[in-house]
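Here is a short report on selected features of one structure.

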Amino acid sequence: MVLKHIQHAYQQSRRRWVRGLLLCGLLLVPGATLLANYSTGVFSGKPYEPDDLDLSLPSDSSNQLPELGDASQTVLSLRDEEKIAHQILKQVATSEDVLDDAEVTDYLQALGTRLGESSPDRQQKFYFFVVQDKTINAFAMPGGVIGVHTGLFMAANSESELASVLGHEIGHVTQHHLARMLASQKYDMFKNIAATALALLIARSNPQVGMGAMTAASAAGIQKQLDYTREHEREADRVGLTILQDAGFDVRAMPAFFTTMQRATRFADGGSMPSYLRTHPLTSERIADIGNRVQNLPYKQVNESLTFFLMRAKIRAFQGAPQQMVEEFQNNINEGRYQNEMAEHYGLAYAWLRANQAKNAQVEVDWLVQHGMANPYLVTLKAVTLAKLGQVAQAQAQFVQGLQQYPKHRILAQGEAESLIRSNQWPQAVTFIQKQLETFADDPKLYDWLAAAYQGQGKQMLRHQALGESYVRKYDLPRAIDQFEIASKAKDGDFYLQSKVEARLKTLRQQLKLEQGDDKNG
């Protein structure tokens, strides 16, 4: 059932596919900064105090942002950024290292969208996804694509801390920093962008390798790029702080979390790596600058988000060996080492499910119910637990009731669709999924389940049509076209369906031709 897919998403071997995507990305901290090296204090539940902030260094408290001009548009147009974003999202949709959990992903997207609505460019679309990686990391890429490592979730002590990093990354996107870096080197051919970005990133993280990667550039040229990147960091900090404030989050969280990350970085490399060689050089000057700005802002009480703690606990439950995580959650509960007790029991339930001990998970579900938890995340947990206990009908009823109460909670729709498919209820599955696609029109998984339902009914044209629409939503036009071509040759559709398939096929071919033409012209 749903747990199998959740567990599969969390247990993939981390092949670091994201390093390829980082040709167009900006990392937050070095890859060597492992959460495992810093986890002791992260989950203590202690709020940060003013004394925790390193504000000792002077900094210009002006809110004036540097004027960097619009030279980036001569290198990377908005159309180019959109194309790059689609290529990245295509990899995201198929990578096993991207967390395939609708609850976590939708939470992050909602949080990022809230921040984006307070950004300097409110027309910019943002796409957020989670990478299964324990490093404290996040990165922004052209076209509004922003990735967040699971390690960042676990290191953040509050939603405002997580939001502070997202705000920073949104600042990189809205200020078009990658394009500006390229513009400063006067690269004017689209096909050179990826290679150039790679060289810049290598130079920032490993100067010796970087020199080899940029044989056509001088050491002074590389240093110029590094200097420019530090300016980007300061600008992204200031833009991010404004976004954080306008979106209603606790602005104190930004310097606090930056201090946390700086400490983790120092622990990882002993402080030996010069700050100017870090991909996101996290310096005391930056922390002091943001800290000084925060001191001049009015205090605002922010209520803690239960959803943040639940999603962080769910991520934690799928790290390490199942029994190890069970013991960790149990110890935290017994010793009172948590920031939110409900979230700790919620995480323990998922850890028990991973350990194939559904009866123990049910105990935690009952505890959550008795203590007043009532939200769609508990409904999902209830349904998954019932399914693991073999109570399929009761699990299906939970999905149905949950969707009636929380109609926009996507994982409930996925769970009900899967339940109907696995019980061979083909007509009911088709009707249900078609209804859900009115709400979740861009969910490829629902189209995959719809294809399975049509397969169960022996309807090949409809099956391949659904698979084609799934590939469209995975940004894979060639495979989508293949599926629609197969559908057009099937003989089990009426005239109306045949015409619809052929019209869609024609549209997709034109779209692919247009994209390929853009590549040739570029």
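## Helices α22 and α23

Pro444, Tyr447, Asp448, Leu450, Ala451, Tyr454 and Gln455 of α22 meet Gln460, Leu462, Arg463, Ala466, Leu467, Glu469 and Ser470 of α23. Contact here means heavy atoms within 4.5 Å. These residues of the contact of α22 with α23 divide into 8 nonpolar, 3 polar and 3 charged. Ala, Val, Leu, Ile, Met, Phe, Trp, Tyr, Cys and Pro count as nonpolar; Asp, Glu, Lys and Arg count as charged; the others, Gly among them, count as polar.

The axes of α22 (residues 444-457) and α23 come within 8 Å and cross at roughly 170°. That makes α22 roughly antiparallel to α23. Angles under 35 degrees count as roughly parallel, over 145 as roughly antiparallel, 65 to 115 as roughly perpendicular and the rest as oblique. Axes are lines fitted to C-alpha atoms, for helices over the stretch in contact, with angles from 0 to 180 degrees between N-to-C directions.

## Basis of the model

The model is predicted: local features need pLDDT of at least 70, side-chain atom pairs count only at pLDDT 80 or more, and totals for chains, interfaces and linings use all residues. Residues are numbered from 1 along each chain as its sequence is written, and side-chain values use heavy atoms, with hydrogens and water left out.

## Inside α23

Helix α23 covers residues 460-472. Helices (H or I, at least four residues) and strands (E, at least two) are DSSP runs, numbered from the N terminus. At 1.5 Å a residue, the 13 residues of α23 should span 18 Å, and the end C-alpha atoms are 18 Å apart, which agrees. The expected span is 1.5 Å times one less than the number of residues.

α23 is mostly covered, with 10 of its 13 residues buried. Among them are Met461, Leu462, His464 and Val472. Buried means under 20% relative accessible area, exposed over 50%, partly exposed in between (1.4 Å probe, protein chains only).

Glu469 and Arg504 meet through their side chains in a salt bridge (2.9 Å, N to O). Glu469 lies in α23 and Arg504 in helix α25 (residues 495-521), so the pair ties together parts that are 35 residues apart in sequence. A salt bridge is a side-chain nitrogen of Lys or Arg within 4 Å of a carboxyl oxygen of Asp or Glu.

Glu469 is buried, at 12% relative accessible area. Arg504 counts as partly exposed, at 24%. A network of salt bridges links Asp442, Glu469, Arg473 and Arg504.

## Salt bridges at α13

The structure holds 23 salt bridges. In one of them, the side chains of Glu233 and Arg286 meet at 3.4 Å, N to O. Glu233 lies in helix α11 (residues 219-246) and Arg286 in helix α13 (residues 284-295), so this pair ties together parts that are 53 residues apart in sequence. Both Glu233 and Arg286 are buried.

Asp289 forms a salt bridge with Arg293, with the closest N and O atoms 3.1 Å apart. Asp289 and Arg293 are 4 residues apart in α13, so about one helical turn separates them. Asp289 is buried, at 4% relative accessible area. Arg293 is buried too, at 5%.

## Val130 in strand β2

Val130 is found in strand β2 (residues 127-131). Is Val130 buried or exposed? Val130 is buried, with a relative accessible area of 0%.

Leaving aside neighbours within four places in sequence, Val130 is in contact with residues including Asp97, Leu99, Leu108 and Phe153. Val130 and Val92 are 38 residues apart in sequence and 9.4 Å apart in space, C-alpha to C-alpha.
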